[in-house]
Amino acid sequence: MKDIDAEGLYRGAIEKWGVTAQLDMVVEEAAELIKAIQKWKRNPVDREGIAEEAADLEIMLGQLKYMIGGWGAHRMVKLLRLKERLDFTGEPLE
């Protein structure tokens, strides 16, 4: 399968539908993932709904990242904070 130019697709979607519409889609896809997670908590049999909504949100987050120029430094700070919490709590992960 040929590699997909995700950034080109993000740019194309933003050019076609505009920033405001794509920001609305980020919110919509986040809400749909939340709803799928809530359903799965009640009935943890079907993970397909979560996988589908997570993929949709991941694509929209890619567009958001493209729109704002990324979040690398912020991501690193958050990852380091998580690492510190995992290293020093001594509590088992559930």
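Which residues line the largest pocket? Select Glu 32, Lys 35, Ala 36, Lys 39, Trp 40, Asn 43, Asp 46, Gly 49, Ile 50 and Glu 53, and you have the lining. Helix H2 (19-42) and helix H3 each give two or more residues to that lining, and H2 gives the most, with 5 residues. Helices here are DSSP runs of H or I, at least four residues, numbered from the N terminus.

Before you click on: this is a predicted model, where local features need pLDDT of at least 70, side-chain atom pairs count only at pLDDT 80 or more, and totals for chains, interfaces and linings use all residues. Residues are numbered from 1 along each chain as its sequence is written, and side-chain values use heavy atoms, with hydrogens and water left out.

Back to the pocket, which holds about 180 Å³ of space. A pocket is an open set of points on a 1 Å grid over the protein atoms alone, where a 1.4 Å probe fits, with protein on both sides within 12 Å along at least five of seven lines; lining residues have an atom within 4 Å of a point. Colour the lining by type and you get 3 nonpolar, 2 polar and 5 charged residues, with Gly counted as polar.

Next, select Glu 53, in helix H3 (residues 48-68). Glu 53 is buried yet has no salt bridge, and the nearest side chain of opposite charge, Lys 39, is 8.3 Å away. Buried means under 20% relative accessible area (1.4 Å probe, protein chains only), and a salt bridge needs a side-chain nitrogen of Lys or Arg within 4 Å of a carboxyl oxygen of Asp or Glu.

Notes
Buried means under 20% relative accessible area, exposed over 50%, partly exposed in between (1.4 Å probe, protein chains only). Lys and Arg count as positive and Asp and Glu as negative; His and the chain ends are not counted. Grid points are joined across faces, edges and corners, and a volume is the space filled by probe spheres set on the points.
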